[in-house]
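Here is a friendly briefing to read alongside the model. Please keep the sequence and the 3D view open as you go.

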Amino acid sequence: MSKILLVYVSMYPVDKYTKEVIVPAKETWYGGMGNDYKVSAPYTNVGPAALLYNAEKIEKVFTIKSDSVREKERGFGKDSGISFEDKLKGIIKNIDGGSIELIPFDISDQPDDKEILEVVSRIGNAIDNKDELYVDLSGGQRQVAILLEVVSKIVTLKGTKLCGTLTNSFNSSVNYTESSPLEVIMNTSTGHAIDFYSALKLFCSTGKINALREVIDDYEDNSDLEKGVLDVMDKFYSSLLLCQVDTTVKLWFNVINEIEKYEKSYESNNPLFMLSLDILKDRMGLEQLDNDGEKNNKDMKNVKLLVKWCMKYNLLQQAITIFNERIPVYLFKDTKPSKTINKLLYGNGKRCDTYDEVYNKRIEGFKKYGDEFIRQKKFFTYYLFINSIRDHINHASEEEQRSNIDKYLQIFMEDELTKDSQTARLMQSFQPGIKITDVMGQPEIVKRALEEALDISGDSLYFDKI
């Protein structure tokens, strides 16, 4: 394990009249770290580096230098003792007689995006997962400095500890003396903002809340109200993974209540969290929910929204399970899902053994309903197709079950009401002999089938006569 400082070395100051490089022989006093530590150093990146050595005993310094910086240093003469490395080593020797390892990374004066990424990649690869890293952002080109902070966050993913970023309060109009030292500031807010953005983006793309919760928990000034919002969102996601539909819908409304409580409190200590509220509400789909008091978890509209939310974040197993178990319950007005589904699949007669028997038997009861027959027949064709996919999820290793499912896929493709659908068109490339493994390898087919089935069912309850 090593303590490492990453420095982008700035150009030495130039006299505005003579255009000559000013040799920074005049030393400036650095305070910093609560003034517990002080060093005397020229007002360049050397000061913060020397101060950090004094305070934290860093062992390595990674130096990034542009062509111009290296050229100016060479112009001073090999033994002038004016380079960043020479000055830093001299100060450290005066502090405690110690030494430090300096590792160079070169960059051009006007690097393009590719070169910048290559340099920061080399730096990232040179940092071990057990190292502790500090970053000096007080010098160098801004576009590279920003990327240095980003790469410092990336290496934390492999275990490297980011201890902080350094900046200084240099003001060219101030004559710094021992009585008015130049302050070095250890900054963590930028790193927190990067962490917050990464966690928020993860939530926006996957629906997972854990990373966002961890970032808020690590923020020193967080509040119980912020934790309350994230706690209920976390419970919602955990309940959803277990397909606990009624509990999940209730928790969905609890998220609304917690956010409203948070917005009315005016007690936010984290501006980033307040900024993200509209994003959280949008991604959770809260504006679309139909809140009707105690009935909210019994509303088919909300369950259908939950299925669509799962599809949005590619939680297809949850989408299939919720659709398979709950949508028929609302359509049939039946309180027992198993009774409803058996009635749907097999009617009131003897249980059928194969999918083609199910297919032939289930449509007999629909014919007496006239115009509604077509819509009902199409919905149940889709329902059995989705049910067969769920069977594969639950019995993927059972050869006999897989054979029955593959047989039903052919029936689905041959059905006059479905074969011209977008789902069927997506499946055309697998014909003939389509297999369930083909379908499961194409999530878009599953999502398309769910969307079309939900569209067919609408909000009507005509099916309660079956």
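A residue counts as buried at under 20% relative accessible area, as exposed at over 50% and as partly exposed in between, with a 1.4 Å probe and protein chains only. At 3% relative accessibility, Val-184 therefore falls in the buried class. The model is predicted, with local features needing pLDDT of at least 70 and side-chain atom pairs counting only at pLDDT 80 or more, while totals for chains, interfaces and linings use all residues. Residues are numbered from 1 along each chain as its sequence is written, and side-chain values use heavy atoms, leaving out hydrogens and water.

**The chain as a whole**

- The protein chain has 19 helices and eight strands, where helices (H or I, at least four residues) and strands (E, at least two) are DSSP runs numbered from the N terminus.
- Of the 466 residues in the protein chain, 48% are buried.
- Taking contacts (heavy atoms within 4.5 Å) between residues at least 6 apart in sequence, 66% join residues at least 24 apart.

**Around Val-184**

- Val-184 sits in strand β8, which covers residues 184-187.
- Leaving out residues up to four places away in sequence, Val-184 touches Tyr-30, Gly-32, Met-33, Pro-48, Leu-51, Leu-166, Thr-167 and Asn-168.
- Between Val-184 and Tyr-30 there are 7.0 Å in space, C-alpha to C-alpha, with a separation of 154 residues in sequence.

**Helix α9 and its partners**

- α8 and α9 pack at an angle of about 165°, with axes 9 Å apart; axes are lines fitted to C-alpha atoms, for helices over the stretch in contact, and angles run from 0 to 180 degrees between N-to-C directions.
- That angle makes α8 roughly antiparallel to α9, since angles over 145 degrees count as roughly antiparallel, under 35 as roughly parallel, 65 to 115 as roughly perpendicular and the rest as oblique.
- The α8 and α9 crossing is left-handed, meaning that the near helix is turned anticlockwise from the far one by less than a right angle, whereas clockwise would be right-handed.
- By class, the contact of α8 with α9 has eleven nonpolar, six polar and four charged residues; Ala, Val, Leu, Ile, Met, Phe, Trp, Tyr, Cys and Pro count as nonpolar, Asp, Glu, Lys and Arg as charged, and the others, Gly among them, as polar.
- Helix α9 (residues 245-265) also packs with helix α10 (residues 271-284), at an angle of about 155° and with axes 12 Å apart.
- This makes α9 roughly antiparallel to α10, and their crossing is left-handed.
- On the α9 side, the contact is made by Trp-252, Val-255, Ile-259, Tyr-262 and Glu-263, and on the α10 side by Phe-273, Met-274, Leu-277, Lys-281 and Met-284.
- The residues of the α9 and α10 contact divide into eight nonpolar, no polar and two charged.

**Nonpolar cores**

- A nonpolar core is a set of buried Ala, Val, Leu, Ile, Met, Phe, Trp, Tyr and Cys residues joined through side-chain atoms within 4.5 Å.
- The largest one has 73 residues, and Phe-323, Phe-385 and Val-439 have the most contacts inside it.
- Helix α9 gives this core its largest share, nine residues.
- Another core lies apart from it, with 25 residues that include Leu-51, Ile-58, Val-61 and Ile-91.
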